[in-house]
Amino acid sequence: MSKLTGKVAVVTGASKGIGAGIARELAAAGASVVVNYASSKEGADRVVAEIEGKGGKAVAVQGDVSKSADVTRLFAEAKAAFGSLDILVNNAGVYQFGSLDDLTEEEFHRQFNTNVLGLLLTTQEGVRHFGAEGGSVINIGSTISQLPMANSSIYTATKSAVDGITQVLSKELAGQNIRVNSINPGSVETEGTHAAGMAGSELEKQIVAQTPLGRIGRPDDIGTIAVFLASPESGWLTGERLLASGGMR
């Protein structure tokens, strides 16, 4: 029997990148997966097709996690599709780097609305759908909260908030047998890093040179950690922040 057979997972922002990698790995471990997306229906449908093509169960559900009505609908559709909830992965996130001079109110609220408010709204609603046996909430942070970079003040602030929220909710929800942990990835090769021109860049070479394991990450590297945090094998862990950075500190 696979580790997550009979379990149901919601993964936000799962149409590509790390979210898609997590969705695929959870499904491979036996979970039925709700692949949430904000705008890329094509990407979400592709992830669902990949999961179903390997014998797994998945459904794509649109929803902007920063909007409470969308979040309510997301979990209602998850319940309609699979009937329960055991795992919530708060992966949806946005970023844009820029100097202090470039900071605007609009960009501040865009990042905080998705990366912080969205995480809180989905966890609030998700907790209402966990059964009496509890469940696992997995937040996706970033090593940037510990290894800050210039020109990343807003994004770093949002991911530092994720660290703090993980600690708070691990204590607040423990009485309901809900574990709350975070995975804080380092640099991971995704569609976004390719679009930003990072692949093969000098910055990527510098990061690899500082990474003991000698490469940047892949979405499945994060996905397998998510499987561990979702499974009974991590049943004694809550409030943890796991750095998934290939040893970069």
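## Exercises on a predicted model

Y95, F97, M149 and L203 together make up a nonpolar surface patch with about 380 Å² of accessible area. The structure is a predicted model, in which local features need pLDDT of at least 70, side-chain atom pairs count only at pLDDT 80 or more, and totals for chains, interfaces and linings use all residues. Residues are numbered from 1 along each chain as its sequence is written, and side-chain values use heavy atoms, with hydrogens and water left out.

**Exercise 1.** Classify K41 and D45 by relative accessibility, and describe the contact between K41 and D45.

*Solution.* 
1. Buried means under 20% relative accessible area, exposed over 50%, and partly exposed in between (1.4 Å probe, protein chains only).
2. K41, at 47%, is therefore partly exposed.
3. D45, at 33%, is likewise partly exposed.
4. A salt bridge requires a side-chain nitrogen of Lys or Arg within 4 Å of a carboxyl oxygen of Asp or Glu.
5. K41 and D45 form such a bridge, their closest N and O atoms being 2.7 Å apart.
6. Because K41 and D45 lie four residues apart in helix α2 (residues 41–53), about one helical turn separates them.

How values were computed
Patches are made of residues with over 30% relative accessible area and no salt bridge: like charges are joined within 9 Å, nonpolar side chains (Val, Leu, Ile, Met, Phe, Trp, Tyr) within 5 Å. Accessible areas come from the Shrake-Rupley method with a 1.4 Å probe; for residues, only the protein chains shown count as cover. Helices (H or I, at least four residues) and strands (E, at least two) are DSSP runs, numbered from the N terminus.
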